[in-house]
Amino acid sequence: MAPINSNNIPMTELFWSLLDKADRKFSRVRDLPIYGRNRNDADLHKAFKIYTQLWKLQQEHRQKLVEAGLRRWEIGEIAARIAQLYYGQYQRTSDSSYLAEAYIFYEAILSREYFRDSSGSPAQQDMALANKQLRFLARFLIVCLVLGRREMIAKLVGLLKSMVDECKKSFQETEFKEWKHVVQEIVRFLKVDTPFMNMRPLRYSFLFDVHPDSLPIVASSYTKRNLVLRDVILSSYHSNEVKFTELTLDTFRMLQCLEWEPSGSFSTRSGADNSHFGTGTNRLNLLQDIRDHTLPPNPRKLILYRPSITHFLMLPRDGIMLIYLSTAGGPALNNPVSLTSETSLDAAEKIGENFNNLEMSAPVRPPHGRPTHTSIQNKESHIVGSDQQGRLWFGSRGNGGSNFIYPCDLIPFTRKPIFLVIDSDKSQAFKAGYEVIHGAEKGETTAILLSPSSRPPPLTSSGEYARFQNGSQFTMFLTAPVQAFCFLIGISGMNFDRDKYDKAEKLLSFSLNEWERTLITSNGLHPVWIEVLGDPFLRRLLLRFIFCKAVLALYAPTRHQEEFLPECLPHLPDSVNPESAISQSAVMQLADFLGVTNQFVFAEGIVPAEPGTDDADRIISSNAQECHLSDANGS
């Protein structure tokens with residue numbers, strides 16, 4: 001590698017020149033879309049190269065640079081921008097190793113307090129520096145959420161709270177409502193699922209899920225193309241939904257569900273010793289956890305908080321694309337849960353936009369005269385009761401038509417295989433709208449999973465309140481089915497034993513395998529589902545959908561009520577419908593284990609399913625793998 005300074009330019013002059021050049025490159029990279037066919041990655045690689053040079057220079061010549069005027073927060077900003085570039089690469093590629101790199105740089109900023117003045121008190125800092133520190137903490141929180149670093153998350157939330165309080169005292173003339181809202185969002189986000197969070201990973205884990213090499217082959221005359229999931233679009237928009245910046249609870253669950261769990265990393269992190277947040281060899285441990293070269297690449301995932309159809313059309317396609325849309329059919333008029341924040345929705349969304357485009361500047365308040373969320377709702381309230389071809393509402397912006405996504409909007413995607421998940425109270429209307437255009441596909445039949453249009457009544461509170469507190473029940477069934485089952489029957493993680501939860505997971509695994517065996521031997525299985533069963537992520541979603549439908553169909557409060565049942569297109573064989581003996585036995589087995597068979601209605605003569613020989617072999621293999629990992633981790 002050529003030396004950094006081959007032209008004998010004074011080192012300090014070279015540093016300032018590189019810093020100015022890096023700022024310009026970063027500004028260009030910040031404006032690049034994280035999706036699209038025409039994305040230019042050359043600027044990204046150049047920005048990485050320049051920041052790497054800057055980081056090396058400041059490491060080797062720190063004292064001289066400090067004497068020449070380099071301030072500590074400027075070192076922190078270099079590290080923060082490198083971390084932002086790594087996180088941006090994760091957003092573009094879904095390669096988890098970039099997350100690990102971002103974590104390492106953010107952790108270095110935190111441990112060395114680069115954004116604090118030598119006094120350590122915000123009172124002696126200026127407003128711009130205080131905002132840099134707040135923004136750094138919020139960005140680091142997002143990385144930790146996706147990585148699952150729960151202990152670091154707790155530490156960062158405490159720091160963010162105290163920093164906001166200190167800033168309110170030190171800069172009394174400045175409004176901090178936006179940052180108060182950010183604190184409230186992350187606290188609300190973390191309250192959900194916390195007791196269940198460490199039970200099992202949402203990611204595809206070989207400790208719980210079938211290895212891709214062991215997936216059974218469908219016996220069919222259909223010529224399978226061996227397609228795999230390549231691209232994923234995740235979109236969720238509900239009034240008052242649980243979210244942090246633009247990462248909603250439902251999209252977070254789907255994001256995690258569609259990634260590989262690095263072998264052994266979950267068992268390491270969920271143990272008593274969560275110590276690889278530090279420096280030195282612990283950083284190497286973090287990278288070893290994430291960089292598991294035995295795993296296939298993660299599907300590329302794009303989170304669109306408030307999408308329009310034009311966003312979808314810009315995405316490249318090679319393989320199966322999954323589109324997940326979680327939203328209401330129209331703006332809600334009366335929200336059962338109000339945000340405990342005084343800030344407007346527009347201000348909160350501005351913060352989220354700034355996170356996405358890598359800015360380090362302070363949040364910008366909305367201009368005066370811009371319509372508020374309430375006024376927009378009133379303006380559009382006349383369309384709430386109209387299904388209008390099953391359109392899905394993704395918030396108000398511009399003309400009314402751009403606020404919705406219609407079934408016909410998805411026709412261009414059907415030139416290639418598409419797997420569609422609709423989680424909405426208007427799912428049935430969307431289905432009707434899609435059936436109207438059925439046959440207009442451009443070459444491929446779409447696989448569609450549709451949520452129930454109504455949520456089963458919970459045991460303690462209203463359905464809408466529960467939806468805002470725990471996220472979508474349908475999405476939870478697809479991403480954490482045992483947890484969803486427990487919430488449905490009134491069991492919380494607070495009173496659920498870990499060993500019992502593991503046993504429930506294994507019982508569900510037996511049932512999913514049985515449904516899979518039934519599907520692959522079925523003569524009436526549609527070719528689109530044959531392709532789906534060949535991809536481990538989509539296979540898991542489909543089998544969990546079958547479980548979800550069986551549970552809700554047999555659940556006594558919703559028995560024989562169509563609005564509480566999910567649907568799929570094309571239809572699956574009758575051999576796996578909720579009334580089949582295999583489905584009833586599977587639900588009875590889990591309900592009997594948890595002591596809640598009285599909450600379900602089963603046909604006479606149904607008995608709990610019994611694990612077969614293959615399933616017993618899998619338990620032995622799983623236990624052996626757990627013991628091996630335990631020995632390797634020294635526990």
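1. **Ground rules.** Residues are numbered from 1 along each chain as its sequence is written. Because the model is predicted, local features need pLDDT of at least 70 and side-chain atom pairs count only at pLDDT 80 or more, while totals for chains, interfaces and linings use all residues; side-chain values use heavy atoms, without hydrogens and water.

2. **Confidence overall.** pLDDT is the predictor's confidence in each residue, from 0 to 100. The protein chain averages 76. In it, 70% of the residues score at least 70. Helices (H or I, at least four residues) and strands (E, at least two) are DSSP runs, numbered from the N terminus. Helix α22 (residues 536–554) has the highest confidence, at a mean of 97. Helix α15 (residues 373–380) has the lowest, at 36.

3. Over residues 461–465, pLDDT stays under 50. The model has six contacts (heavy atoms within 4.5 Å) beyond four places in sequence for this stretch. Residues 613–635 also stay under 50, with 19 such contacts. Where pLDDT is low, the predicted coordinates should not be read in detail.

4. **α20 with α23.** The axes of helix α20 (residues 498–520) and helix α23 (residues 581–593) come within 10 Å. They cross at roughly 175°. Axes are lines fitted to C-alpha atoms, for helices over the stretch in contact, and angles run from 0 to 180 degrees between N-to-C directions. The two helices are therefore roughly antiparallel (over 145 degrees). Leu-507 and Trp-515 are among the α20 residues in the contact, and Leu-590 and Phe-593 among those of α23. By class, the contact has seven nonpolar residues (Ala, Val, Leu, Ile, Met, Phe, Trp, Tyr, Cys and Pro), four polar (the others, Gly among them) and three charged (Asp, Glu, Lys and Arg).

5. **α19 with α20.** Helix α19 (residues 481–489) packs on α20 at about 110°, with the axes 10 Å apart. That makes α19 roughly perpendicular (65 to 115 degrees) to α20. Pro-481, Val-482 and Gln-483 of α19 meet Tyr-501, Ala-504, Glu-505 and Leu-508 of α20.

6. **The sheet.** Six strands form an open sheet in the order β4-β1-β5-β8-β9-β10, with mixed pairing. Strands pair if DSSP finds at least two bridges between them. β4 (300–304) and β10 (567–569) each have a single partner strand, so one side of each lacks a neighbour in the sheet. Strands β8 (residues 418–423) and β9 (residues 447–450) pair in the parallel sense over four bridges. Val-421 stands opposite Leu-449 in β9.

Notes: Parallel < 35°, antiparallel > 145°, perpendicular 65-115°, else oblique.
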